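This report looks at one helix and at the charged side chains around it. Please have the sequence and the structure open while reading.

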Amino acid sequence: MATATIRKPASFRLRADLLERMKYNAARENRTLNNYVESVLLDSVYYEPNEVTKAAIEEAMSGRNPNKVYDSADEMHRDILSEE
């Protein structure tokens, strides 16, 4: 026997452009605004990255990442061509 999820009404004041964008996204996914907002909030609150992702985030934030950073696409292109 499945248990029912208890839902409580809530009221929020949002920027008008944010609300319109959420309505647009909900309609695009053929969902109600309530369902769309609930799923976005659930994902935001309960999402936990896996260990590989956590390690990659930590490496990127630490500055230890050895990947070269380019100032332009031309610079990157020249670098790629010089490796061949």
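## Two partners in a salt bridge

Asp17 is partly exposed, with a relative accessible area of 47%, while Arg15 is exposed at 56% (buried means under 20%, exposed over 50% and partly exposed in between, with a 1.4 Å probe and protein chains only). The side chains of Asp17 and Arg15 meet in a salt bridge at 2.8 Å, N to O, a term that requires a side-chain nitrogen of Lys or Arg within 4 Å of a carboxyl oxygen of Asp or Glu. In the whole structure, a search finds six salt bridges.

## How the model is read

The model is predicted, and local features need pLDDT of at least 70, side-chain atom pairs count only at pLDDT 80 or more, and totals for chains, interfaces and linings use all residues. Residues are numbered from 1 along each chain as its sequence is written, and side-chain values use heavy atoms, leaving out hydrogens and water.

## Helix α3

Helix α3 covers residues 51-62, where helices are DSSP runs of H or I with at least four residues, numbered from the N terminus. At the start of α3, a side-chain oxygen of Asn50 reaches to within 3.2 Å of the backbone nitrogen of Val52, and after the helix comes Gly63, whose phi is positive, near 85°.

## A network of charges

Glu48, Glu51 and Lys54 are linked in a network of salt bridges: Lys54 pairs with Glu48 at 2.9 Å between the closest N and O atoms, and with Glu51 at 3.5 Å. Glu51 and Lys54 both lie in α3, three residues apart, about one turn of the helix. An α-helix has 3.6 residues a turn, so residues three or four places apart point the same way.

Conventions: Helix = DSSP H or I, 4+ residues; strand = E, 2+ residues; numbered from the N terminus. Expected span 1.5 Å × (residues − 1). Polar contact = N/O pair within 3.5 Å; in protein donor to acceptor, adjacent residues only side chain to side chain.
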